[in-house]
Structures are given as C-alpha cells and as structure tokens.
Amino acid sequence: MNQQTINVFAKWQVKEGKLNTVLDLLADVAKQSRAEEGNLFYKINQSTTDANTLLLSESYKDEAAVADHRGSVHFQSIVVGQIVPLLENREVFVTTELGI
C-alpha cells in the first residue's frame, strides 16, 4: 500500500428539508472519524450561497487508513446507510498532494 498521505474531498448536496438531520448525523460521524488512528483531520464546511451544500475535507496517513475509515461501522451505518439517502448528489475526490 502507498504510504503517502491521502486527502478526501466530498461535496454533498442535501435534499430540501433534510439538512438538520444530515448535520446531526454528521456530527457523530465527524467525532468518530477524528478518533480513528489514521485520521489526520476531518473538517466540514457549508456553502455561503447554498446552505444545503456541504464540503467535507479529510486527511488520512495512508491508503490503509482510508480503507479502515470506509470499512468502519460508523461510515457504513451512518454515512452509507442514513446520510446518502438524504442527498441529492454526492461527489467524492480522493487525492494526493502534488507538492508544487
């Protein structure tokens, strides 16, 4: 596995009327994700022009840490099981820093 830091950016467009539910669930996900051994940070931002658009930025020490995160109970049960059905759209970008 690659030992380079992995950064994940996710853009979520929340369905109308579901924002408070998503934010409540996301608070729990963020707390548990930040406690993961391989997590470097987990940040949640909200668009200033569309409150239903959230941008998550996460960083993990390596690919194995990303795999652990995606396989975790909180990711599978809360994000996949409860949050994703409340989204209009979800884009995820997995990146490594170019260092330029």
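Student: What should I know about the model before we start?
Tutor: This is a predicted model, in which local features need pLDDT of at least 70 and side-chain atom pairs count only at pLDDT 80 or more, while totals for chains, interfaces and linings use all residues. Residues are numbered from 1 along each chain as its sequence is written, and side-chain values use heavy atoms, with hydrogens and water left out.

Student: What is the strand order in the open sheet?
Tutor: The four strands are ordered β2-β3-β1-β4, with antiparallel pairing. Strands (E, at least two residues) and helices (H or I, at least four) are DSSP runs numbered from the N terminus, and two strands pair if DSSP finds at least two bridges between them.

Student: Which strands stand at the edges?
Tutor: β2 and β4 do; each has a single partner strand, so one side of each is left without a neighbour in the sheet. On average, neighbouring strands are turned by 10° against each other, direction ignored; axes are lines fitted to C-alpha atoms, for helices over the stretch in contact, and angles run from 0 to 180 degrees between N-to-C directions.

Student: How many bridges join β1 to β3?
Tutor: Eight bridges join strand β1 (residues 6-14) to β3, in the antiparallel sense. Within this pairing, Val8 stands opposite Glu58 in β3.

Student: And what packs on the sheet?
Tutor: Helix α1 (residues 19-34) does, touching β1, β2 and β3, and its direction makes about 165° with that of β2. Contact means heavy atoms within 4.5 Å.

Student: How about β2 and β3: how many bridges there?
Tutor: Strands β2 (residues 39-46) and β3 (residues 53-60) pair over seven bridges, antiparallel. A hairpin of six residues joins β2 to β3, and Phe41 has Ser59 in β3 as its bridge partner.

Student: Changing topic, is Lys11 exposed, partly exposed or buried?
Tutor: Lys11, in strand β1, is partly exposed because its relative accessibility is 31%; buried means under 20% relative accessible area, exposed over 50%, and partly exposed in between (1.4 Å probe, protein chains only).

Student: Which residues does Lys11 touch?
Tutor: Not counting residues up to four places away in sequence, Lys11 touches Thr53, Leu54, Leu55, Asn89, Arg90 and Glu91.

Student: How far is Lys11 from Asp24?
Tutor: They are 13 residues apart in sequence and 17 Å apart in space, C-alpha to C-alpha.

Student: Last one: where does Phe93 lie, and how accessible is it?
Tutor: Phe93 lies in strand β4 (residues 87-95) and is partly exposed, with a relative accessible area of 45%.
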